[in-house]
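Below is a short briefing for a reader who is new to this structure. Please look over the sequence and the model first, then read the notes by topic.

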Amino acid sequence: VPTYLVTLDERTLRVQVRTALDGTYVRVDEGPEVRADLRSLHGALHSLTTGDARIEVMAQPREQGQVRIALRGLEYTAEVVDEAHARLASVAGARVGSHAHLELKAPMPGLLVRMLCKVGDEVQPNQPLAVLQAMKMENELSLSRGGKVTSVKVEQGKTVEQGQVLVVVE
Amino acid sequence: VEAIAVRLTSQVFKRVLVANRGEIAVRVIRACREMGISPVAVFSDVDAQALHVRMADAALPIGAAPATESYLRIDKIIDAARALEVEAIHPGYGFLAENAEFAEACAAADITFIGPPPKAMRDLGLKTEARKLMQAAGVPVVPGTLEPLTTPEELRKAADEVGFPVALKAVAGGGGKGLRMVHDPANLEAAFRQATSEAGAAFGDASVYLERAIDRPRHVEVQILADTHGNCVWLGERDCSIQRRHQKVLEESPSPAVSQDLRERMGEVAVRAAQAAGYTNAGTVEFLLAPDGNFYFLEVNARLQVEHPVTEEVTGLDLVRQQIRIACGEPLGYDQSAIQRHGYAVECRIYAEDAAAGWLPSTGRLVGYRPPGGPGVRVDSGVEENAEISVYYDPMIAKLIVHAADRQRGLERMARALREFLILGVHTSIPLHRWLMEQPAVRSGDVDTGWLEREWSLPEPDLFDLEQAAIAAALLLDARRASTSATAVPNGVDGGAPRSAWRLAGRRAGLS
C-alpha cells in the first residue's frame, strides 16, 4: 500500500492510500481507513470527500513533492515523501521529512541588514533572528517555533533571493 | 462665491480619471459607471492587464512599477488627465490622495480634484496646526504641546507638565511613524532622538511634539460629508480598535463601546472639526476614546478611507457617489435628520502576509481565488485568479465586508464568509481573522488599540483541517505518480504493485 509522509505546518502525518475496485481508501496515522475521493473542478479548485465529510480544497502540485493546499481560509505548503524513499534516505543519514528541522527563508528579495543569531544559540518562538530590508522597510524575521541554531547560511550585508535559506534551527 | 461659480458652470462630470490602482480604483470606476460617467484609468508597467485597467473606458501608462515612478508622479498623471480629456480626478486613498500639491496641480490644469480643498489638506496635515485649529474650535484634544519641540529642555518641561506616560508624535504625519510611547522619564531623550530620526526619514520633516499617552484607548472615527454650500453631516462611527503596529485590521460600525448619546456628541464634534478646517467632501475625524468615556481628537483623514464600506453598509449611502456629487458643486440635499443607520457592518482586511513569518508581505501569483458570497457579503477587490501580488504595492488582496441585523449575527456571518474564502498562492491574513472571530474579547467587544498585539499568538491548527490537507496532498501526488509510472513502464512491471488500468482512467477523469 503506497504510504506517504506529509509534512505541513511543522507536523508530519502518515497517509496510506489503498486503491480497491470500488474506489480509493485512505488512512491517516493510526486512524480508521475511510473512502476518499479528490475531484478536480476547475483550476486549483478540488472537492475532497473523506468518509462522510466533504470539503472544498485548493491544491496545486509544485516541484519536488510539494503541494500547496488551501482550505477553509487556511493555506499550507505540504511536503510529501514516499515512506519507502524516506526510509532509504534515513538509512543513508539524511533527514526524514522536516519534522524538527526549521528553515528561516527570505520571504522576499532584499538586503540582510542584521543577523541576530549565531550557531549554537537557543532561540524562542517568534524571536527575531535576522533583519531583512525590503520594500523600503526593515522586517524582523522569526520562526513560529524555537530550537537550537545549527546553521547560519548568509552573512550580514548580503543581498538575498526570495526563498533563500538564512538560518536553520533544530 | 466659489461655490456658486462651481454650481453654475458644472453639470455632473462626463469623464473622470481614477488616479489609483487595485480595489479602490475598481470601487471608484463602479461608482462612475453607475452615475453615467465614463471612468478612465492610469497604470504602471506591471498593471497593464490589471482589473482596474480592464474595467476602465480608456487607460494610459504612466511609468515603471515603483510608485515613485508612476502612481506618485503628479506630472505624468496630469499629462494623462489632459490627454484623456477628463473633467475631474479621483485620487482614491494612499498615493497622492492627501497631497495638497497634487490637488493644486489639478486646479492649475483646470481639472476638479475630488477631495477637500488644498488649504484644508495642508492645515490638517501638520498635527500641531491641526491641534491648534481644533482647540480653538472647542474640539477636545489630548493634553500636550501645540508647538513642535526643539530642545531637550523644552521636551523635559513639556513632559513634566503633561505627566508620564507620554507619546511623542511626528508633526508631519501619522500611521505610527515617528511615534514613541515613553513610560519612564529616563528614556525620554532617547525616545525623542528615535522619534525625530524616524519622522525625518518618513516625512522629510523631523519635528515632533508631545501628548499625554492615553492608557488602553479605543480608536473610534466619525465619517463626515461636507458640501461646498456649508452643509455638513456626520454618518456615524467606525470602531477600528483592532490594530497591529498602528495599522487597522478590522473595522466595525456601530462601535460596541459607543452609546447613542456619545455617538451624537462625537458626531457633532466631528462636524465642528470639519467646519473649523474649512473642509469639504468626504472625510474622517479620528478620535481616541478613553476607558473613562472621554474622547480626544486624533487627526482628520482628508480622503476616502479604506474602511468606508462599513459606513456605506449601515447608512445605505454610496460615499464615492457623494464625493463626486460634492465635487460637482451639488448641495448635499439632505440634513442630519435624514441620516439613518441600520444594523451592523464589519470589514476584515485580507492582506497577503504571513503570520508565521512575523507578518511579512507574501508575494506571488494567486493560483486560486474564490471569494465568498451570499446574503450580506461584499468583497471589494482589485484582483482575480492569476493576478500577481507584487512587492511594489500595498499587499491588500481584498476587503471582506458583511452587513447583518446586529453585531452577533454580523460576526457569525463574517466567520462564515471567511471560511468560504479560498486563496491559493500566497499566505493571507484570513487565519488571523478566523482567530479573531473566536476570541471572547472580540465577541464581547472588549478591546483597545493594543489588544491584538498583547493577545495574538499563532493559533494551533485544527487537526481535522490538517488531516484533510494531508489527504488531499497525498492523493494528488499519488495520482500523479500513478500516471507517470504508467507512462515510464508500459507493462506495469515496475517491481511494485501493478497499477490497474481502471485506476489510471479514474485518476485522469477525476484529477487531470
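**A partly exposed arginine and its partner**

A:Arg14 counts as partly exposed, at 26% relative accessibility; buried means under 20% relative accessible area, exposed over 50%, and partly exposed in between, with a 1.4 Å probe and protein chains only. This is a predicted model, in which local features need pLDDT of at least 70 and side-chain atom pairs count only at pLDDT 80 or more, while totals for chains, interfaces and linings use all residues. Residues are numbered from 1 along each chain as its sequence is written, chains are lettered from A and ligands numbered from 1 in the order in which they are written, and side-chain values use heavy atoms, with hydrogens and water left out.

**Salt bridges within a chain**

- A:Arg14 forms a salt bridge with A:Glu83, with the closest N and O atoms 2.6 Å apart; a salt bridge is a side-chain nitrogen of Lys or Arg within 4 Å of a carboxyl oxygen of Asp or Glu.
- This pair links distant parts of the chain, 69 residues apart: A:Arg14 is in strand 2 (residues 11-20) of chain A and A:Glu83 in helix 1 (residues 83-91) of chain A. Helices (H or I, at least four residues) and strands (E, at least two) are DSSP runs, numbered from the N terminus.
- A:Glu83 is buried, with a relative accessible area of 14%.
- In chain B, the side chains of B:Lys132 and B:Glu129 meet in a salt bridge (3.2 Å, N to O).
- B:Lys132 and B:Glu129 are separated by about one helical turn, because they are three residues apart in helix 7 (residues 127-136) of chain B.
- B:Lys132 is partly exposed, with a relative accessible area of 27%, and B:Glu129 is partly exposed at 36%.
- A network of salt bridges links B:Glu221, B:Arg238, B:Lys248, B:Glu251, B:Glu286, B:Glu307 and B:Arg349.
- Over all chains, the structure holds 47 salt bridges.

**Interface of chains A and B**

- Chain B and chain A bury about 5,000 Å² between them, 66% of it on carbon and sulfur atoms; buried area is the accessible area (1.4 Å probe) that two parts lose on being put together, summed over both.
- Chain B gives 55 residues to the contact and chain A gives 60 residues, where contact means heavy atoms within 4.5 Å.
- Four salt bridges are found across this interface.
- A:Asp82 forms a salt bridge with B:Arg481, with the closest N and O atoms 2.3 Å apart.
- B:Asp465 and A:Arg72 also meet in a salt bridge (2.8 Å, N to O).
- That pair crosses between chains, from B:Asp465 in helix 17 (residues 463-488) of chain B to A:Arg72 in the loop between strand 7 (66-71) and strand 8 (74-82) of chain A.
- Both B:Asp465 and A:Arg72 are buried.

**Strands of chain A**

- Strand 7 and strand 8 of chain A run antiparallel and are joined by six bridges; two strands pair if DSSP finds at least two bridges between them.
- A:Leu71 has A:Leu74 as its bridge partner in strand 8 of chain A.
- The hairpin of these two strands has two residues between them, and there A:Arg72 takes a positive phi near 45 degrees.
- Strand 1 (residues 3-8) of chain A runs antiparallel to strand 8 of chain A, with four bridges joining them.
- The bridge partner of A:Tyr4 in strand 8 of chain A is A:Asp82.

**A sheet in chain B**

- Eight strands of chain B form an open sheet with antiparallel pairing, in the order 13-12-9-10-11-14-21-19.
- Its edge strands, each pairing on one side only, are strand 13 (295-301) and strand 19 (377-381) of chain B.
- Strand 11 (residues 247-253) and strand 14 (residues 344-351) of chain B run antiparallel and are joined by four bridges.
- B:Leu250 has B:Cys348 as its bridge partner in strand 14 of chain B.

**Nonpolar cores**

- The largest nonpolar core has 57 residues, of which B:Leu17, B:Ile89, B:Phe102 and B:Ile224 touch the most other members; such a core is a set of buried Ala, Val, Leu, Ile, Met, Phe, Trp, Tyr and Cys residues joined through side-chain atoms within 4.5 Å.
- Helix 10 (residues 260-276) of chain B gives the most to this core, with seven residues.
- Another core lies apart from it, with 37 residues, including B:Val249 and B:Ile389.
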